[in-house]
Structure formats: structure tokens, C-alpha cells
Amino acid sequence: MSKNNSIKCSYLGPAGTYSEIAAKKFFGENNVFIAKNTIADVFDSVTTAEADYGVVPIENSIEGSVNMTMDLLFEIPNIRVVGECVIPIRHFLLSYEKIELDKIRTLCSHQQAIGQCSKFIRSYLKDPEIIFTASTSNACHIIKSIPNSAAIASENVIQIYNLYTIAKDIQDSLVNATRFFIISKINNNNNNNNNNNIYNFDDYYSFESYKTSIICCPKFNKAGVLYSILKNFTRKNINLTRIESRPTKKQLGEYSFYIDFEGSIADNKVKRALIKIEQMSSFFKILGSYKKWIE
Ligand SMILES: O=C(O)C(=O)Cc1ccccc1
């Protein structure tokens with residue numbers, strides 16, 4: 001916390017990104033916002049305590065999971081998820097020149113944004129060179145020096161970078177939303193409820209208004225292993241809201257499972273289910289329990 005009790009929150013910048021929109025929507029404008037160049041830098045800013053919280057994109061309704069965030073949640077210890085935020089995404093095609101669609105030779109944006117606009121790109125652009133950038137706003141810096149170029153970014157960058165709007169709402173579906181995780185650092189001094197151990201979690205939550213996210217890698221890669229994990233939720237009548245697999249990067253065919261479900265790790269039925277799953281896992285990580293995002 002900074003001097004006047006405002007929160008220090010890092011996000012994927014520079015100014016104008018969807019992550020910035022999410023950060024300000026979750027925490028409110030009257031806080032300290034720290035723009036970072038990459039999603040990995042946001043994680044670093046939390047682990048080094050430069051920021052109290054970080055906001056990172058985790059999944060999109062068109063393009064699916066953000067792999068960089070998934071991998072960092074797996075790899076980086078002492079990070080927990082303390083909240084979520086969902087924002088609608090409207091993609092704009094922007095340029096420093098009033099350029100016709102068929103004259104665009106280079107298109108820049110974050111890989112997620114490019115993927116969310118694949119139909120528009122195929123239908124209206126003439127096979128431009130595509131440059132993936134660290135963020136949508138970063139794309140607006142890159143195109144400044146490239147003739148006949150355009151960027152895909154949010155409406156917020158138009159004024160910030162003084163851009164022309166070539167096209168608006170170019171995403172593949174008008175219903176387009178990205179979910180962000182709010183991450184924080186787990187203090188290992190155990191004198192608060194930050195510890196990651198479910199067995200002595202003593203905060204009391206109104207369970208139904210919470211969600212929990214975990215990562216687990218089964219000990220054995222055999223038929224029915226996913227069922228044997230998921231049945232622990234079914235038997236306790238715990239509703240799953242997301243399940244994604246991600247290669248462990250150790251060998252082909254070996255996956256970690258990212259599971260979100262309704263309920264809190266303060267709930268005994270959740271604890272009992274997770275104890276069983278941990279016993280079946282070679283890797284098990286509780287990312288955290290957090291309030292469901294309500295618009
Ligand atoms: O680059 C941004 O603006 C981000 O915040 C990452 C992202 C990119 C595309 C959709 C949602 C989030």
C-alpha cells in the first residue's frame with residue numbers, strides 16, 4: 001500500500017490496454033497504476049512487492065486461454081489469485097493515416113486480439129504481414145514507424161495516441177469478453193490467511209459467492225485419470241466453471257489441468273475434494289478463492 005492507503009496495481013501496459021481498463025474497473029481510478037511491458041513483468045512486480053496486486057488476462061470468450069498467464073501461474077511460486085474481473089472487448093482497427101483496408105500491408109496487435117478478429121482480417125485485408133506485439137497499446141507505438149500499417153486496439157488508445165479509426169467492432173463476435181485474474185503475493189510468514197495450505201484455512205466465506213482456481217497434474221497418465229479427478233467434484237456437488245489442459249512441457253501427452261469451480265477453500269466439502277485430488281497429483285497448486293465477478 002502506498003502512503004495514502006491507495007493500492008499499487010500493475011497491469012499489462014502501456015496506457016490504453018484492456019488490462020488497464022480491467023484494473024481500473026476492479027480497483028477504481030483513485031489508486032496507483034503501474035504499466036508493465038509484458039505479462040511476465042506484471043507477475044514480477046507482484047513477487048518483488050513493487051505492486052500490491054497485478055491484473056493479468058486469463059481467458060477470452062473467442063480465443064480461449066492466454067497461455068503466457070497459464071504458464072506463469074504454474075511456474076511462479078507464492079502467487080495467488082485474489083479476484084477476477086470480466087470486461088467486454090471491442091476491437092478497433094486504427095492507424096496514423098487515413099488508409100483504405102486493402103492498402104494495409106502490416107497489421108500489429110497482441111496475439112489474442114489478432115485471433116479474436118481472424119474473420120475480419122481474412123475477409124477485408126489483403127494478407128498483411130502480421131506482427132504480434134506484447135500488448136494492443138504497444139502495437140500503436142510499433143506502427144508509428146511502419147508505412148501502410150494498422151493496429152488492433154481498444155477505443156481508449158484513439159485519443160491517447162491520436163489515431164484514425166479505420167474500422168470498429170472488428171472482433172469475430174459482438175459478444176466478446178476477456179476474464180482477468182487479480183494476483184497477489186503469498187506472504188510465507190503464515191501470520192495471515194495468505195498461506196496456500198488448505199488444511200488450516202480459517203477464513204470464513206459465504207461459500208456460494210466464491211470461486212476457487214487450482215492447477216493439478218495427475219501422478220499417472222492413464223485412461224480415466226481425468227474422470228477420477230473430476231468425480232471428486234461431482235460427488236460433493238461442486239459445480240465446475242472452467243477446465244483447461246496445458247502441456248507440462250516435460251513430455252508429449254503430459255498435461256496439467258486448470259480447474260475453476262464454485263465454492264471456497266474454507267468450505268469443508270471443498271477441502272475434502274481437494275485433499276483427494278492432491279493425493280492423486282504429482283503437482284497440485286491452489287491458486288486461490290475469490291469473489292465471483294458480478295457486473
Ligand atoms: O493487450 C492488451 O490490451 C491486453 O490487455 C491483453 C489483451 C489483448 C486482447 C484482448 C484482451 C486482453
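The model is predicted, so local features need pLDDT of at least 70 and side-chain atom pairs count only at pLDDT 80 or more, while totals for chains, interfaces and linings use all residues. Residues are numbered from 1 along each chain as its sequence is written, and side-chain values use heavy atoms, with hydrogens and water left out.

The largest pocket holds about 350 Å³. A pocket here is an open set of points on a 1 Å grid over the protein atoms alone, where a 1.4 Å probe fits, with protein on both sides within 12 Å along at least five of seven lines; lining residues have an atom within 4 Å of a point. The volume is the space filled by probe spheres set on the points, which are joined across faces, edges and corners. Of the 15 lining residues, Ile39, Val66, Met68, His110 and Gln111 are the closest to the centre of the largest pocket. At least two lining residues each come from helix 2 (39-47), helix 3 (67-75) and helix 4 (111-116). Helices are DSSP runs (H or I, at least four residues), as are strands (E, at least two), both numbered from the N terminus.

What about the cysteines? The structure has zero disulfides (pairs of cysteine sulfur atoms within 2.5 Å). The sulfur of Cys85 sits 10 Å from the closest cysteine sulfur, in Cys9, and that is too far for a bond. Cys9 is buried at 0% relative accessible area, and Cys85 is also buried at 0%; buried means under 20%, exposed over 50% and partly exposed in between (1.4 Å probe, protein chains only).

Finally, the rings: there are seven aromatic pairs. Rings of Phe, Tyr and Trp (its six-membered ring) pair if their centres lie within 6.5 Å, and planes under 30 degrees apart count as stacked, over 60 as edge-to-face and the rest as tilted. Phe120 and Tyr124 make a tilted pair, 4.9 Å centre to centre with 40 degrees between the planes. Both lie in helix 5 (residues 118-124), four residues apart, or about one turn. Phe181 and Tyr290 are edge-to-face, with centres 5.8 Å apart and planes at 65 degrees. Phe181 belongs to strand 11 (residues 177-185) and Tyr290 to strand 15 (residues 281-291), so this pair ties together parts 109 residues apart in sequence.
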